[in-house]
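Please look through the model with the points below beside you.

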Amino acid sequence: MESSVVVDRFGLSADVGEWLEEAERLPAPGRPLCVPVGDEAARVLDLFALEGCDRAEVEALWPGDAGGGRGGSSQAWSAELWHLVECMYRRLWADAELSAGFRWWPSLVDVSDVRVRLASLWAFAAMVPVQLEVQAGWGVPRSVTVATLADVGAQVRRSRLMWGWLSLETSGWVAVQFRGRLFRVGGLQLEPARLVCEAGVEWYGREEAAGLGAGMGVGDPVLRLHIPTGGLDPAGVDESLGRARAFARGCLGFDPVVATCTSWLLDPQWGEVLGEGSNIVAFQRRFTLVGEGRAGESDVFRFVFGSPVVDVERVPRGTRLERAVVDRLVAGGRWWVRTGWVRLS
């Protein structure tokens, strides 16, 4: 089937059509697409940590029994829908060895057909057995792989909060973990990368970086830190930083001496409004800031309010954090995304 047929059937955009056409031309996956059913599907949903109405709705849509007997027949799915899932599955296999960078992935959050909005979820589900096998071969503890997969449920919950319906808007972010580039170790997620300036991540110039010592130069290996939903518990952060370097050496084959974090949470202005006792402020103090940062209002509204747009008139002001966000913008101020670094033990 040609992707143009899929685009016409579901009203997809031209850029999604181009993405699908490229996926069509990729080599055949190492294993045929096989979306799990029955008890196996239920175990995958457990790993994804889907809960409540999210899980119930996904089970009702599943192509075949999702463990609760509520899934529809896989034959009831159209050829166009299966083609969409197959293209995503091919992309995952082709990107398994993608060593760096973020590949754009269609979110489909605005498509009316909920099965299309969730097409990536079934491609991810089909990849779970491979993910478990591959990472076990690397020496990644199963507990780490399981904790990482649980972020799927968190992203589905975030999508519902932001858009009001079942979807997986951040499917491109979820895809990163299936490329072996995201691991939940302790309270943080670790991403292997290089010390470079790219996509909003900042680092020093070559001369200044070289003066910081071995392992701090431009292009040297690094672990980028990401904060999962509900993160920043100090004990969890301590665990992550304490395990990070040994994890990279033992499972990923490189030895980073530094970790970086690029986040709205590192804006020093939070210290002015949250004060002592704030987990955000305590987290900031672990890092040395680098660069000038970039505008962070979009990130702040996404993660503080679950809002896809910056609109001070539509958001609540119930907490100290919420009031601080709005009051600064109303007064003409800004919020920033900053990059910071910390040496690893």
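1. The second largest cavity holds about 30 Å³ of space. A cavity is a set of points on a 1 Å grid over the protein atoms alone where a 1.4 Å probe fits but cannot get out, and lining residues have an atom within 4 Å of a point. Grid points are joined across faces, edges and corners, and a volume is the space filled by probe spheres set on the points. Among the residues lining this second largest cavity are Arg194, Trp203 and Thr260.

2. This is a predicted model, in which local features need pLDDT of at least 70 and side-chain atom pairs count only at pLDDT 80 or more, while totals for chains, interfaces and linings use all residues. Residues are numbered from 1 along each chain as its sequence is written, and side-chain values use heavy atoms, with hydrogens and water left out.

3. The largest cavity has a volume of about 40 Å³. Its lining consists of Leu92, Asp95, Arg103, Trp105, Gly172, Ala175 and Arg179.

4. Which residues of helix α2 (residues 14–24) are buried? They are Val16, Gly17, Trp19, Leu20 and Ala23; buried means under 20% relative accessible area, exposed over 50%, and partly exposed in between (1.4 Å probe, protein chains only). These residues lie on the same side of α2 because they cover an arc of only 160 degrees around the axis, the arc being that of the directions from the helix axis to the C-beta atoms. Helices are DSSP runs (H or I, at least four residues), numbered from the N terminus.

5. Ala14 and Glu18 are exposed, on the face of α2 turned away from its buried side.

Key: Helix = DSSP H or I, 4+ residues; strand = E, 2+ residues; numbered from the N terminus. 1 Å grid on protein atoms, 1.4 Å probe; cavity = no way out; pocket = protein on both sides within 12 Å on 5 of 7 lines; lining within 4 Å.
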